[in-house]
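This report concerns the domain organisation of the structure shown below and one of its sheets.

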Amino acid sequence: MTFLNEKFQELTPYTPGEQVNEEAFIKLNTNESPYPPAQGVQEAVAEASKKLNRYSDIAVEAVAKPLAEYLGIQQNQLFLGNGSDEVLSYIFQGFTEKGIAFPDVTYGFYQVYSGLYQVDATVVPLEDDFSLELSKYDDLDGTVIFANPNAPTGIYLTQEKICDFLERHPDRLVVVDEAYIDFSGESMVSVIDQYKNLFVVGTFSKSRQLAGARLGFGVGNADLIADMNRLRFSLNPYNINSMTQAAGSAVLQEQDYVDQKVQETIQVREWSKRELAKLGFEQTDSQGNFLFAKHPKLSGEELFTALREKKILARWFNQPRTKEHLRITVGTQEQMERLVEALKMILEEVEA
Ligand SMILES: *Cc1c(COP(=O)(O)O)cnc(C)c1O
(Lines give C-alpha, C1' and ligand atoms only; values in the text may rest on other atoms or scores of the structure.)
Protein backbone atom coordinates (compact mmCIF):
# COMPACT_ATOMS: atom_id res chain seq x y z
CA MET A 1 0.00 0.00 0.00
CA THR A 2 1.43 3.39 -0.95
CA PHE A 3 0.14 6.92 -1.36
CA LEU A 4 3.32 7.99 -3.14
CA ASN A 5 2.93 9.39 -6.65
CA GLU A 6 3.55 6.66 -9.15
CA LYS A 7 6.45 8.49 -10.80
CA PHE A 8 8.43 8.30 -7.55
CA GLN A 9 7.80 4.68 -6.76
CA GLU A 10 10.93 3.45 -8.55
CA LEU A 11 13.17 6.22 -7.18
CA THR A 12 16.58 5.06 -5.89
CA PRO A 13 17.61 7.34 -3.01
CA TYR A 14 21.17 8.29 -2.09
CA THR A 15 23.00 5.91 0.26
CA PRO A 16 24.87 8.03 2.81
CA GLY A 17 27.96 6.68 4.57
CA GLU A 18 27.24 5.27 8.02
CA GLN A 19 27.23 7.64 10.97
CA VAL A 20 28.58 5.72 13.95
CA ASN A 21 29.53 6.15 17.58
CA GLU A 22 32.86 8.01 17.42
CA GLU A 23 34.20 6.32 20.55
CA ALA A 24 33.99 2.88 18.99
CA PHE A 25 35.22 3.60 15.46
CA ILE A 26 37.84 5.49 13.53
CA LYS A 27 35.53 7.19 11.08
CA LEU A 28 37.10 7.53 7.64
CA ASN A 29 33.99 7.06 5.51
CA THR A 30 32.30 10.39 4.77
CA ASN A 31 35.11 12.90 4.10
CA GLU A 32 34.32 15.10 7.07
CA SER A 33 37.06 17.06 8.79
CA PRO A 34 38.48 15.03 11.70
CA TYR A 35 39.01 18.28 13.61
CA PRO A 36 36.32 20.10 15.64
CA PRO A 37 35.30 23.60 14.58
CA ALA A 38 37.34 26.42 16.16
CA GLN A 39 36.14 27.54 19.57
CA GLY A 40 34.91 30.86 18.18
CA VAL A 41 32.53 28.94 15.94
CA GLN A 42 31.15 26.91 18.83
CA GLU A 43 30.56 30.07 20.84
CA ALA A 44 28.86 31.87 17.97
CA VAL A 45 26.38 29.01 17.59
CA ALA A 46 25.58 29.02 21.31
CA GLU A 47 24.97 32.77 21.14
CA ALA A 48 22.71 32.45 18.09
CA SER A 49 20.64 29.80 19.84
CA LYS A 50 19.31 32.54 22.14
CA LYS A 51 17.37 34.02 19.23
CA LEU A 52 15.83 30.87 17.85
CA ASN A 53 12.36 32.28 18.42
CA ARG A 54 12.95 34.47 15.34
CA TYR A 55 13.12 33.36 11.72
CA SER A 56 16.54 33.30 10.16
CA ASP A 57 17.77 36.10 7.86
CA ILE A 58 16.62 35.25 4.33
CA ALA A 59 19.48 37.29 2.83
CA VAL A 60 22.00 35.33 4.96
CA GLU A 61 23.94 38.58 5.16
CA ALA A 62 26.23 37.40 8.00
CA VAL A 63 27.71 34.76 5.70
CA ALA A 64 27.19 36.28 2.26
CA LYS A 65 29.14 39.45 2.97
CA PRO A 66 32.36 37.93 4.34
CA LEU A 67 32.19 34.95 1.97
CA ALA A 68 31.84 37.17 -1.12
CA GLU A 69 34.79 39.16 0.17
CA TYR A 70 36.86 36.01 0.77
CA LEU A 71 36.04 34.70 -2.70
CA GLY A 72 36.69 38.07 -4.36
CA ILE A 73 33.20 38.31 -5.90
CA GLN A 74 30.11 40.49 -5.64
CA GLN A 75 27.33 39.42 -3.30
CA ASN A 76 24.94 39.14 -6.23
CA GLN A 77 27.20 36.44 -7.69
CA LEU A 78 26.71 34.26 -4.61
CA PHE A 79 23.98 31.78 -3.70
CA LEU A 80 23.80 30.05 -0.32
CA GLY A 81 22.25 26.67 0.30
CA ASN A 82 21.48 24.14 2.99
CA GLY A 83 24.63 22.19 2.17
CA SER A 84 25.88 22.12 -1.39
CA ASP A 85 23.49 19.20 -1.89
CA GLU A 86 20.64 21.72 -1.86
CA VAL A 87 22.49 23.99 -4.30
CA LEU A 88 22.97 21.00 -6.61
CA SER A 89 19.32 20.00 -6.27
CA TYR A 90 18.22 23.38 -7.65
CA ILE A 91 20.53 22.90 -10.62
CA PHE A 92 19.00 19.53 -11.46
CA GLN A 93 15.49 20.82 -10.87
CA GLY A 94 15.76 24.04 -12.80
CA PHE A 95 18.58 24.09 -15.36
CA THR A 96 18.35 20.81 -17.21
CA GLU A 97 15.69 21.23 -19.91
CA LYS A 98 18.17 20.05 -22.55
CA GLY A 99 19.43 17.30 -20.31
CA ILE A 100 22.50 16.97 -18.17
CA ALA A 101 25.71 14.98 -18.56
CA PHE A 102 28.15 13.74 -15.92
CA PRO A 103 30.83 11.05 -15.47
CA ASP A 104 30.04 7.43 -14.64
CA VAL A 105 32.30 7.55 -11.59
CA THR A 106 31.42 10.63 -9.55
CA TYR A 107 29.32 11.96 -6.70
CA GLY A 108 26.29 9.69 -6.27
CA PHE A 109 23.78 12.49 -5.86
CA TYR A 110 23.97 13.48 -9.55
CA GLN A 111 22.23 10.23 -10.48
CA VAL A 112 19.80 10.50 -7.57
CA TYR A 113 18.71 14.05 -8.46
CA SER A 114 18.36 13.05 -12.12
CA GLY A 115 15.88 10.44 -10.94
CA LEU A 116 14.07 12.74 -8.53
CA TYR A 117 13.57 15.52 -11.11
CA GLN A 118 13.24 13.09 -14.02
CA VAL A 119 16.01 14.73 -15.95
CA ASP A 120 17.39 13.28 -19.17
CA ALA A 121 20.85 12.30 -17.91
CA THR A 122 23.77 11.17 -20.07
CA VAL A 123 26.42 9.24 -18.17
CA VAL A 124 29.85 9.59 -19.81
CA PRO A 125 32.54 7.04 -18.87
CA LEU A 126 35.81 8.31 -17.41
CA GLU A 127 39.01 7.08 -19.07
CA ASP A 128 40.58 3.79 -17.91
CA ASP A 129 42.78 5.68 -15.44
CA PHE A 130 39.65 7.51 -14.11
CA SER A 131 40.69 10.82 -15.66
CA LEU A 132 38.01 13.10 -17.12
CA GLU A 133 38.19 13.90 -20.84
CA LEU A 134 35.95 16.92 -21.45
CA SER A 135 36.01 16.55 -25.25
CA LYS A 136 33.68 13.57 -24.72
CA TYR A 137 30.99 16.10 -23.78
CA ASP A 138 31.44 18.18 -26.94
CA ASP A 139 28.77 16.47 -29.01
CA LEU A 140 26.09 16.48 -26.30
CA ASP A 141 23.49 19.13 -25.52
CA GLY A 142 22.53 20.78 -22.28
CA THR A 143 24.15 21.13 -18.89
CA VAL A 144 27.40 19.48 -17.81
CA ILE A 145 28.28 18.76 -14.19
CA PHE A 146 31.42 17.27 -12.71
CA ALA A 147 33.27 17.40 -9.42
CA ASN A 148 36.78 18.87 -9.37
CA PRO A 149 38.70 17.25 -7.80
CA ASN A 150 36.44 14.36 -8.65
CA ALA A 151 34.97 12.07 -6.00
CA PRO A 152 35.74 9.32 -5.15
CA THR A 153 38.86 9.37 -7.35
CA GLY A 154 40.38 12.65 -6.15
CA ILE A 155 41.65 13.42 -9.65
CA TYR A 156 42.01 17.14 -10.39
CA LEU A 157 41.40 18.74 -13.76
CA THR A 158 43.31 21.94 -14.57
CA GLN A 159 41.56 25.28 -14.85
CA GLU A 160 42.91 25.64 -18.39
CA LYS A 161 41.05 22.53 -19.62
CA ILE A 162 37.79 23.67 -18.06
CA CYS A 163 38.16 27.16 -19.55
CA ASP A 164 38.71 25.62 -23.00
CA PHE A 165 35.45 23.73 -22.64
CA LEU A 166 33.58 26.83 -21.42
CA GLU A 167 34.80 28.73 -24.47
CA ARG A 168 33.79 25.98 -26.89
CA HIS A 169 30.25 25.85 -25.40
CA PRO A 170 29.08 29.33 -24.40
CA ASP A 171 25.43 28.20 -24.64
CA ARG A 172 25.75 25.30 -22.25
CA LEU A 173 25.75 25.62 -18.48
CA VAL A 174 28.85 24.07 -16.91
CA VAL A 175 28.63 23.25 -13.19
CA VAL A 176 31.90 22.57 -11.39
CA ASP A 177 31.39 20.99 -7.97
CA GLU A 178 34.39 22.10 -5.93
CA ALA A 179 33.63 20.36 -2.63
CA TYR A 180 37.34 19.45 -2.28
CA ILE A 181 39.06 22.38 -4.00
CA ASP A 182 40.70 23.67 -0.80
CA PHE A 183 42.83 20.50 -0.72
CA SER A 184 43.94 20.79 -4.33
CA GLY A 185 44.44 23.34 -7.10
CA GLU A 186 42.98 26.63 -8.22
CA SER A 187 39.25 27.32 -7.93
CA MET A 188 37.21 28.26 -10.99
CA VAL A 189 35.82 31.14 -8.90
CA SER A 190 38.84 33.17 -10.00
CA VAL A 191 37.52 33.27 -13.60
CA ILE A 192 33.82 33.68 -12.79
CA ASP A 193 33.60 37.14 -14.42
CA GLN A 194 34.76 35.72 -17.75
CA TYR A 195 32.09 33.04 -18.25
CA LYS A 196 28.33 33.51 -18.04
CA ASN A 197 27.90 29.75 -18.49
CA LEU A 198 29.96 28.80 -15.42
CA PHE A 199 28.51 27.87 -12.05
CA VAL A 200 30.87 26.84 -9.25
CA VAL A 201 29.58 24.95 -6.22
CA GLY A 202 31.36 24.90 -2.87
CA THR A 203 30.75 23.69 0.67
CA PHE A 204 31.66 24.30 4.31
CA SER A 205 31.44 20.55 4.98
CA LYS A 206 34.87 19.28 3.98
CA SER A 207 37.55 21.89 4.67
CA ARG A 208 35.69 24.09 7.17
CA GLN A 209 34.61 21.57 9.84
CA LEU A 210 30.88 22.25 9.36
CA ALA A 211 29.40 19.12 7.76
CA GLY A 212 26.72 18.96 10.44
CA ALA A 213 25.74 22.62 10.02
CA ARG A 214 24.74 22.18 6.35
CA LEU A 215 26.14 25.17 4.52
CA GLY A 216 27.00 25.24 0.83
CA PHE A 217 27.26 27.87 -1.86
CA GLY A 218 27.22 28.52 -5.57
CA VAL A 219 29.04 31.20 -7.53
CA GLY A 220 27.87 32.40 -10.93
CA ASN A 221 26.91 35.49 -12.84
CA ALA A 222 24.19 37.64 -11.26
CA ASP A 223 21.42 36.49 -13.65
CA LEU A 224 22.05 32.86 -12.85
CA ILE A 225 22.02 33.61 -9.12
CA ALA A 226 18.72 35.51 -9.49
CA ASP A 227 17.26 32.44 -11.22
CA MET A 228 18.52 30.22 -8.40
CA ASN A 229 16.88 32.53 -5.87
CA ARG A 230 13.62 32.39 -7.80
CA LEU A 231 13.60 28.65 -7.10
CA ARG A 232 14.76 29.04 -3.51
CA PHE A 233 12.07 31.62 -2.69
CA SER A 234 9.49 29.30 -4.22
CA LEU A 235 10.46 26.44 -1.96
CA ASN A 236 12.20 27.45 1.27
CA PRO A 237 13.42 31.04 1.74
CA TYR A 238 14.62 30.21 5.28
CA ASN A 239 16.85 27.42 4.00
CA ILE A 240 19.77 28.35 6.24
CA ASN A 241 18.93 28.35 9.93
CA SER A 242 20.28 31.02 12.26
CA MET A 243 22.74 28.75 14.10
CA THR A 244 24.25 27.72 10.79
CA GLN A 245 24.45 31.35 9.70
CA ALA A 246 26.32 32.12 12.93
CA ALA A 247 28.64 29.15 12.41
CA GLY A 248 29.36 30.14 8.80
CA SER A 249 29.99 33.74 9.76
CA ALA A 250 32.32 32.74 12.60
CA VAL A 251 34.29 30.18 10.58
CA LEU A 252 35.10 32.89 8.05
CA GLN A 253 36.77 34.77 10.91
CA GLU A 254 38.83 31.69 11.71
CA GLN A 255 40.53 31.38 8.34
CA ASP A 256 43.95 30.79 9.94
CA TYR A 257 42.63 27.76 11.80
CA VAL A 258 40.92 26.47 8.65
CA ASP A 259 44.06 26.96 6.54
CA GLN A 260 46.20 25.25 9.15
CA LYS A 261 43.91 22.21 9.26
CA VAL A 262 43.80 22.05 5.45
CA GLN A 263 47.61 22.05 5.32
CA GLU A 264 47.71 19.36 8.00
CA THR A 265 45.26 17.21 6.02
CA ILE A 266 47.32 17.59 2.85
CA GLN A 267 50.47 16.52 4.70
CA VAL A 268 48.75 13.54 6.30
CA ARG A 269 47.25 12.63 2.90
CA GLU A 270 50.67 12.54 1.23
CA TRP A 271 52.17 10.57 4.14
CA SER A 272 49.28 8.08 3.96
CA LYS A 273 49.67 7.68 0.19
CA ARG A 274 53.33 6.77 0.62
CA GLU A 275 52.57 4.27 3.42
CA LEU A 276 49.80 2.59 1.41
CA ALA A 277 52.07 2.41 -1.64
CA LYS A 278 54.67 0.59 0.49
CA LEU A 279 51.99 -1.96 1.36
CA GLY A 280 51.30 -2.61 -2.32
CA PHE A 281 48.16 -0.49 -2.76
CA GLU A 282 47.40 1.04 -6.16
CA GLN A 283 46.04 4.57 -5.86
CA THR A 284 45.00 7.59 -7.81
CA ASP A 285 46.90 10.80 -7.08
CA SER A 286 44.05 12.10 -4.94
CA GLN A 287 43.90 15.85 -4.45
CA GLY A 288 40.96 15.63 -2.04
CA ASN A 289 40.84 14.90 1.71
CA PHE A 290 40.57 11.19 0.91
CA LEU A 291 42.49 8.34 -0.73
CA PHE A 292 41.16 6.07 -3.45
CA ALA A 293 43.00 2.77 -3.25
CA LYS A 294 42.84 -0.91 -4.11
CA HIS A 295 45.03 -3.89 -3.34
CA PRO A 296 45.86 -6.76 -5.73
CA LYS A 297 45.45 -9.37 -2.98
CA LEU A 298 42.08 -8.33 -1.53
CA SER A 299 38.78 -7.26 -3.03
CA GLY A 300 37.26 -3.95 -2.05
CA GLU A 301 34.58 -5.73 -0.06
CA GLU A 302 37.11 -7.91 1.79
CA LEU A 303 39.17 -4.86 2.69
CA PHE A 304 36.12 -2.93 3.83
CA THR A 305 34.96 -5.84 6.01
CA ALA A 306 38.41 -6.54 7.48
CA LEU A 307 38.85 -2.87 8.41
CA ARG A 308 35.38 -2.70 9.89
CA GLU A 309 36.22 -5.66 12.14
CA LYS A 310 39.18 -3.62 13.35
CA LYS A 311 36.81 -0.72 14.03
CA ILE A 312 37.94 1.40 11.11
CA LEU A 313 35.24 2.60 8.76
CA ALA A 314 36.10 3.32 5.13
CA ARG A 315 33.73 3.74 2.20
CA TRP A 316 33.14 0.94 -0.28
CA PHE A 317 31.08 1.65 -3.39
CA ASN A 318 29.58 -1.51 -4.80
CA GLN A 319 29.63 -0.22 -8.39
CA PRO A 320 31.08 -1.99 -11.45
CA ARG A 321 34.10 0.27 -11.90
CA THR A 322 34.89 0.99 -8.26
CA LYS A 323 34.05 -2.19 -6.38
CA GLU A 324 37.72 -3.16 -5.93
CA HIS A 325 38.54 0.24 -4.43
CA LEU A 326 38.06 1.83 -1.05
CA ARG A 327 37.67 5.53 -0.49
CA ILE A 328 39.41 6.40 2.75
CA THR A 329 38.98 9.83 4.32
CA VAL A 330 42.20 11.43 5.51
CA GLY A 331 41.87 11.57 9.29
CA THR A 332 44.37 12.85 11.82
CA GLN A 333 47.98 11.61 11.66
CA GLU A 334 47.28 9.32 14.61
CA GLN A 335 44.18 7.85 13.00
CA MET A 336 46.06 7.20 9.77
CA GLU A 337 48.89 5.52 11.66
CA ARG A 338 46.31 3.18 13.17
CA LEU A 339 44.87 2.59 9.70
CA VAL A 340 48.29 1.65 8.34
CA GLU A 341 48.88 -0.72 11.29
CA ALA A 342 45.50 -2.36 10.70
CA LEU A 343 46.18 -2.76 6.97
CA LYS A 344 49.56 -4.35 7.73
CA MET A 345 47.87 -6.91 9.99
CA ILE A 346 45.15 -7.62 7.44
CA LEU A 347 47.71 -8.17 4.67
CA GLU A 348 49.89 -10.38 6.87
CA GLU A 349 46.87 -12.60 7.50
CA VAL A 350 46.25 -12.88 3.75
CA GLU A 351 49.86 -13.69 3.00
CA ALA A 352 50.20 -16.26 5.81
C1 LIG B 1 30.38 16.08 0.15
C2 LIG B 1 30.07 16.49 -1.25
C3 LIG B 1 28.99 17.32 -1.54
C4 LIG B 1 27.96 17.69 -0.52
O5 LIG B 1 28.37 18.47 0.45
P6 LIG B 1 27.34 19.18 1.44
O7 LIG B 1 27.71 20.60 1.31
O8 LIG B 1 27.65 18.59 2.77
O9 LIG B 1 25.95 18.91 0.98
C10 LIG B 1 28.81 17.73 -2.84
N11 LIG B 1 29.61 17.31 -3.81
C12 LIG B 1 30.63 16.47 -3.59
C13 LIG B 1 31.49 16.03 -4.72
C14 LIG B 1 30.88 16.03 -2.31
O15 LIG B 1 31.85 15.15 -2.07
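## Interface between the domains

In this predicted model, about 1,900 Å² of area is buried between domain 1 and domain 2. Carbon and sulfur atoms give 61% of that buried area. The contact involves 26 residues of domain 1 and 27 residues of domain 2.

Domain 1 is made up of two segments, 17–35 and 255–351, while domain 2 covers 39–251. Taken over C-alpha atoms, the centres of domain 1 and domain 2 are separated by 26 Å.

## Polar and charged interactions

Across the interface of domain 1 and domain 2 there is 1 salt bridge. On the side of domain 1 that touches domain 2, helix 8 (255–278) and strand 10 each supply at least two residues. Helix 8 gives the most to this side, with 8 residues. By class, the side of domain 1 that touches domain 2 comprises 8 nonpolar, 12 polar and 6 charged residues.

A salt bridge joins the side chains of Arg321 and Asp104, with an N to O distance of 2.9 Å.

Strand 10 (residues 290–294) and strand 12 run antiparallel and are joined by 4 bridges. Within this part of the sheet, Leu291 stands opposite Ile328 in strand 12.

Terms used. Residues are numbered from 1 along each chain as its sequence is written. This is a predicted model: local features need pLDDT of at least 70, side-chain atom pairs count only at pLDDT 80 or more; totals for chains, interfaces and linings use all residues. Side-chain values use heavy atoms; hydrogens and water are left out. Two strands pair if DSSP finds at least two bridges between them. Domain bounds come from an automatic or database domain assignment. Contact means heavy atoms within 4.5 Å. Buried area is the accessible area (1.4 Å probe) that two parts lose on being put together, summed over both. A salt bridge is a side-chain nitrogen of Lys or Arg within 4 Å of a carboxyl oxygen of Asp or Glu. Ala, Val, Leu, Ile, Met, Phe, Trp, Tyr, Cys and Pro count as nonpolar, Asp, Glu, Lys and Arg as charged, and the others, Gly among them, as polar.
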